[in-house]
Amino acid sequence: MNLFTEIRTLVLDALAQMQAAGDLPEGLDLKNVAVEPPRDAAHGDMATNAAMVLAKPAKMKPRDIADKLAGLLAEDDRITSAEVAGPGFLNLRLADALWHGVVRTALAEGSDFGRSDMGANQKVNVEYVSANPTGPLHVGHTRGAVFGDALASLLDFVGFEVTREYYINDGGAQVDVLARSVYLRYLEAHGQEVAFEDGTYPGDYLIAVGVALKDKVGDAYVGQPESVWLEEIRNYATEQMMDLIRADLKALGIEMDLFYSEKSLYGTGRIEAALEALENKGLIYDGVLEPPKGKKPEDWEPREQTLFKSTEHGDDVDRPVKKSDGAWTYFAPDIAYHYDKVERGYDALIDVFGADHGGYVKRMKAAVSALSDGKVSLDIKLTQLVKLYKNGEPFKMSKRAGTFVTLRDVVDQVGADVTRFVMLTRKNDAPLDFDFDKVLEQSKDNPVFYVQYANARINSVMRKAREAGIDLGDASVAKADLSSLTDVAQLSTMKKLAEWPRLVEIAGRTNEPHRVAFYLYDLASELHALWNRGNDKPELRFLDEANVEGTQAKIALASAVAVVISAGLGILGVTPAEEMR
């Protein structure tokens, strides 16, 4: 049940009546007619822009349309008032029975309340994390991992068929560096003194890998040239690092559907096939690029390369796919990888990248547009940096990692649930400050605590009601008489509940799971305000042993709030708290 959709249908029916009566021209495009919460709740429960968006095509004054529309809407029992504001906005107030209906629907549908078929089972691939397999995940990966996982859950909630995918960057030179670093730890395990030069990975996490390699091959590689051991250690080290990364992801509650190896693209004809597909569309040519921005002409050495006409699909410049020496550019395997996604039949692709990939967005979008003839969309979400603080100071780097704070450092400090929620308290493209002390505070300023505390309060009052002998069985609560729920704070809470189905559809349409976190905080605020109002007005307290029916009605409202909190936290990958300790 989406109450906003229901009222929008009522508005559209009234507009149809106006057209039938000759009060509005036929053939108007009504797709931009919206019904949404007013900017100021004092103005009403819902507002429609119908008169404003139809005035110009109808060649009428918006106020004239709004006045007629208001009269028709006011005739419906669901509308208690329809008032024209300003040049033609229409503010609506709804009967209490509709808000009571939202509570009943939430209780009846349970975890399915707010679910949508908006996605129409379209296949969506969400690629996220995709870190180089050279060490444990760091805090930047943590934000991308949480964002991508929550987005995948959100899209599933609104009706898409979602695949969670991790692209293993195991085809580049960084994996050779990993192999050399592991070899040093292997020599160290044999008792040799080693030195980690610039460009190698000195983190302690490779000590165990070196020891394990020694246990596996003995001294077979000691004193041997790279040609003997590089490929073998490269494969072994990659496997070990991916095991570490999978464990890191599991600690955060993330399970991928597919791990896709970049290395599998090389020597298999897949890169060539992708570029051939572009060449068949006339989008591959040999040419010389203009000097890059910021380069003086005398610093630019023009050379002929194989280029992709990405400018024909929205990019700023064409992009090289093969160097003058015949080697692939970094872009070539990425094209092949996304071609593989297109060939797998996805209707939409979403990539979650770090902030340093901003320059990659247009070229990748161009490639997918070209490869799919514009039939497959690609949305690239960039996650900005996370700054860590503890005791008011920047959190120091991890000795285990050598150069950065790991995902495990964060999870071990505050837990997976807090980590996940906090990572979604800012929009993905906004920087985020993660203060280890503040995220554990028990205060309104800590959104994790505030939402979990609301759920714990609801569980607490339900336990106490049962201990008092009040029947809170599903049937009793579902049948509770809600007509007594008329206080402004009770209605405000119900109105916030009514926004949930609309909110998740908007979040799913924009690929913005942070909206769910923001909404949960607002819903928790309504619950806490209602709870606190009971301090001044005893009749609003959720538990009243002398009034069983009233208690059942109020707990029905609280239970509906718990339903939505549980669903929202489920999307975020957070376990609802039944009690606070």
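Mentor: Helices (H or I, at least four residues) and strands (E, at least two) are DSSP runs, numbered from the N terminus. This is a predicted model, in which local features need pLDDT of at least 70 and side-chain atom pairs count only at pLDDT 80 or more, while totals for chains, interfaces and linings use all residues. Residues are numbered from 1 along each chain as its sequence is written, and side-chain values use heavy atoms, with hydrogens and water left out.

Trainee: Where does V129 lie?

Mentor: Most residues other than glycine have a negative phi. V129 has a positive phi, near 70°. As for its place in the chain, V129 is in the loop between β5 (123-127) and α5.

Trainee: Does S130 count as buried or exposed?

Mentor: S130 is also placed in the loop between β5 and α5, and its phi is positive, near 40°. Buried means under 20% relative accessible area, exposed over 50%, and partly exposed in between, with a 1.4 Å probe and protein chains only. S130 has 13% relative accessibility and therefore counts as buried.

Trainee: At what angle do helix α5 and helix α17 pack?

Mentor: Axes are lines fitted to C-alpha atoms, for helices over the stretch in contact, and angles run from 0 to 180 degrees between N-to-C directions. On that basis the axes of α5 (residues 139-157) and α17 (residues 500-510) are 9 Å apart. Angles under 35 degrees count as roughly parallel, over 145 as roughly antiparallel, 65 to 115 as roughly perpendicular and the rest as oblique, and α5 and α17 are therefore oblique to each other. Their packing angle is about 120°.

Trainee: Which residues of α17 make the contact with α5?

Mentor: Contact means heavy atoms within 4.5 Å. On the α5 side, L154, L155 and F157 take part. The α17 side supplies W500, V504, A507 and G508.

Trainee: What is the orientation of α16 relative to α19?

Mentor: The axes of α16 (residues 488-498) and α19 (residues 548-572) come within 11 Å and cross at roughly 30°. That crossing therefore makes α16, relative to α19, roughly parallel.

Trainee: How many nonpolar residues has the contact of α16 with α19?

Mentor: Q490, T493, M494 and L497 of α16 meet K554, L557, A560, V561 and V564 of α19. Ala, Val, Leu, Ile, Met, Phe, Trp, Tyr, Cys and Pro count as nonpolar, Asp, Glu, Lys and Arg as charged, and the others, Gly among them, as polar. Beside two polar and one charged, the number of nonpolar residues is six.

Trainee: Which residues does E188 touch, not counting residues up to four places away in sequence?

Mentor: E188 belongs to helix α6 (residues 173-189) and is partly exposed at 32% relative accessibility. With residues up to four places away in sequence left out, E188 touches V194 and I207.

Trainee: What distance separates the C-alpha atoms of K322 and H141?

Mentor: K322 is in strand β10 (residues 319-322) and is partly exposed, with a relative accessible area of 27%. K322 and H141 are 181 residues apart along the chain. Their C-alpha atoms are separated by 29 Å.

Trainee: What percentage of the residues in the protein chain is buried?

Mentor: The chain has 19 helices and 15 strands, and its C-alpha trace spans about 85 × 65 × 40 Å along the principal axes. Of its 581 residues, the buried share is 50%.
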